[in-house]
Amino acid sequence: MTRNQVRIIGGLWKGRKLRFVAGAGLRPTPSRVRETLFNWLGASIEGSDCLDLFAGSGALGFEALSRGARSLTSVEHDRRAAESLRGNGAQLGATRLAVRKQDALAFLRGAASGGVLIDGEPVRSWDCIFLDPPFASGLLAQALALLGEGQALKPGGRVYFEARRNRPPDLQGWQLDREGRAGDCRFGLLRR
């Protein structure tokens, strides 16, 4: 596999490769971390509505769709990365995918009012939200604060996060369900 590819590791599209555009701060979630995450989520991913903020390569969101998620909303501010997400969705035949070229925090602020349309149906809140912003950006804390204030996360829903290993995120108002470490990364599942 080349540097700008990730492989889907489970579900309908297992083994399929996704190409993405390299960019500053873009680090696709490694396969062993994705495997751990989706083992934690188990069957709860089936039929769920997922939101991939700071989508980047799309590895987390496409993995969720491959494993039976009902819908995926991918939000990415970089134009080339958003085009890559659309192209990978078309290549896979992902019909329940909405890609938004937008700032993730602005999307969260407007999600309750606007949401997205998937197959003509509005989706304004999600069962599973993936948060994997660039480590040095400070965006994780801002996104968690917005999620805590708004209605983007459905009752009983969970938030997956990735952060630099030596800088744990501020989890005020969030319960840490599961946590793991891999290399320079700390990751976990949260609920309200």
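This is a predicted model: local features need pLDDT of at least 70, side-chain atom pairs count only at pLDDT 80 or more; totals for chains, interfaces and linings use all residues.
## How H1 and H2 meet

Helix H1 covers residues 31-41, and helix H2 covers residues 59-66. Their axes come within 11 Å. They cross at roughly 45°. An angle between 35 and 65 degrees is neither roughly parallel nor roughly perpendicular, so H1 and H2 are oblique to each other. The crossing of H1 past H2 is right-handed.

Which residues make the contact? From H1 come Arg-34, Leu-37 and Phe-38. From H2 come Ala-59, Leu-60, Glu-63 and Ala-64. Of the residues in this contact, 5 are nonpolar and 2 are charged. None is polar.

## H2 is covered

Is H2 mostly covered or mostly open? H2 is mostly covered, with 8 of its 8 residues buried. The buried residues are Ala-59, Leu-60, Gly-61, Phe-62, Glu-63, Ala-64, Leu-65 and Ser-66. Here, buried means under 20% relative accessible area.

Just after H2 comes Gly-68. Its phi is positive, at about 105°.

Side chains of opposite charge can pair when their charged atoms come close. This structure holds 11 salt bridges.

Arg-67 takes part in a salt bridge with Glu-35. The closest N and O atoms of that pair are 3.6 Å apart. Where do the two residues sit? Arg-67 lies in the loop between H2 and strand S4 (71-76), while Glu-35 is in helix H1. The pair therefore ties together parts that are 32 residues apart in sequence. Glu-35 has a relative accessible area of 30%, so Glu-35 is partly exposed.

Arg-67 also forms a salt bridge with Glu-63. Here the closest N and O atoms are 3.0 Å apart. Are Arg-67 and Glu-63 buried or exposed? Both are buried. Glu-63 is also one of the H2 residues in the contact with H1.

## Another pair, and a network

Glu-179 and Arg-181 form another of the salt bridges. Their closest N and O atoms are 3.8 Å apart. Glu-179 has 35% relative accessibility, so Glu-179 counts as partly exposed. Arg-181 has a relative accessible area of 42%, so Arg-181 is partly exposed too.

Which residues do shared partners join into one network? They are Arg-34, Glu-35, Glu-63 and Arg-67. Among them, Arg-34 and Glu-63 are also part of the contact between H1 and H2.

Note on methods
Residues are numbered from 1 along each chain as its sequence is written. Side-chain values use heavy atoms; hydrogens and water are left out. Axes are lines fitted to C-alpha atoms, for helices over the stretch in contact, and angles run from 0 to 180 degrees between N-to-C directions. Helices (H or I, at least four residues) and strands (E, at least two) are DSSP runs, numbered from the N terminus. Angles under 35 degrees count as roughly parallel, over 145 as roughly antiparallel, 65 to 115 as roughly perpendicular and the rest as oblique. A crossing is left-handed if the near helix is turned anticlockwise from the far one by less than a right angle, and right-handed if clockwise. Contact means heavy atoms within 4.5 Å. Ala, Val, Leu, Ile, Met, Phe, Trp, Tyr, Cys and Pro count as nonpolar, Asp, Glu, Lys and Arg as charged, and the others, Gly among them, as polar. Buried means under 20% relative accessible area, exposed over 50%, partly exposed in between (1.4 Å probe, protein chains only). A salt bridge is a side-chain nitrogen of Lys or Arg within 4 Å of a carboxyl oxygen of Asp or Glu.
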